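Work through the exercises below with the sequence and the model at hand. Each task is followed by a solution in steps.

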Amino acid sequence: MANPDVMTLSQQILSLAPDAILFADREGIIRLWNSGATRIFGFTAEQAIGQSLDLIIPEKLRQRHWDGYHKTMATGETRYGVDLLAVPAMHQNGTRLSTEFSIVLLRDALGQPLGVASIMRDVSAQRQREKELQERIAVLENSRK
């Protein structure tokens, strides 16, 4: 059996992954958008590529997002390199999603930030189940009083 070409495997992983995999440049413009991103957010690659990350960021969170994003691009430092992040996002139809994701700060040959890649997962269903369980627990605890 021949060894598979690593680039071919990488392209298959990127295109077939059920999670959203995207890349935004220094200015926060989407440059890469896989089929998982289309599945989760509703926008096709043609609709998303060339657009601002505002496409999926809820309006009330944008200022906070951009403050952190621009600081990361200016300093080349982020505190989110390893930790899993949990933030709301927006679907094309306006539905609010709960997402968890990790990021990778990509750099050029001189070590300057090129932008951020992220791998995102929709955890809305799990968050809803957790909320329902918490509500049931609260009802049970209140009934004991």
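**Exercise 1: burial and overall form**

Task: state what share of the protein is buried, then describe its overall dimensions.

Solution. Buried residues, meaning those under 20% relative accessible area with a 1.4 Å probe and protein chains only, make up 30% of the 145 residues. The model is predicted: local features need pLDDT of at least 70, side-chain atom pairs count only at pLDDT 80 or more, and totals for chains, interfaces and linings use all residues. Residues are numbered from 1 along each chain as its sequence is written, and side-chain values use heavy atoms, with hydrogens and water left out.

Next, take the dimensions. The C-alpha trace spans about 65 × 45 × 30 Å along its principal axes. The radius of gyration is 18 Å, whereas a compact globule of 145 residues would have one near 15 Å; this radius is taken over C-alpha atoms, and the globule rule is 2.2 Å times the number of residues to the power 0.38.

**Exercise 2: order of elements**

Task: how many helices and strands does the protein have, and in what order do they run?

Solution. Count DSSP runs, with helices as H or I of at least four residues and strands as E of at least two, numbered from the N terminus. This gives five helices and five strands. Their order from the N terminus is α-β-β-α-α-α-β-β-β-α.

**Exercise 3: the nonpolar core**

Task: which residues of the largest nonpolar core touch the most other members?

Solution. Such a core is a set of buried Ala, Val, Leu, Ile, Met, Phe, Trp, Tyr and Cys residues joined through side-chain atoms within 4.5 Å. The largest has 24 residues, of which Trp33, Phe41, Leu53, Tyr69 and Met120 touch the most other members. Elements giving two or more residues to this core include β1 (20-25), α4 (62-75) and β5 (113-122). β4 gives the most, with four residues.

Then examine Leu53. Contact means heavy atoms within 4.5 Å. Beyond its neighbours within four places in sequence, Leu53 contacts Leu22, Ala24, Gly28, Ile30, His65, Trp66 and Tyr69.

**Exercise 4: Lys131**

Task: where is Lys131 found, and why does it count as partly exposed?

Solution. Lys131 is in helix α5 (residues 124-144). Lys131 counts as partly exposed because its relative accessibility is 45%, which falls between the 20% limit for buried and the 50% limit for exposed.
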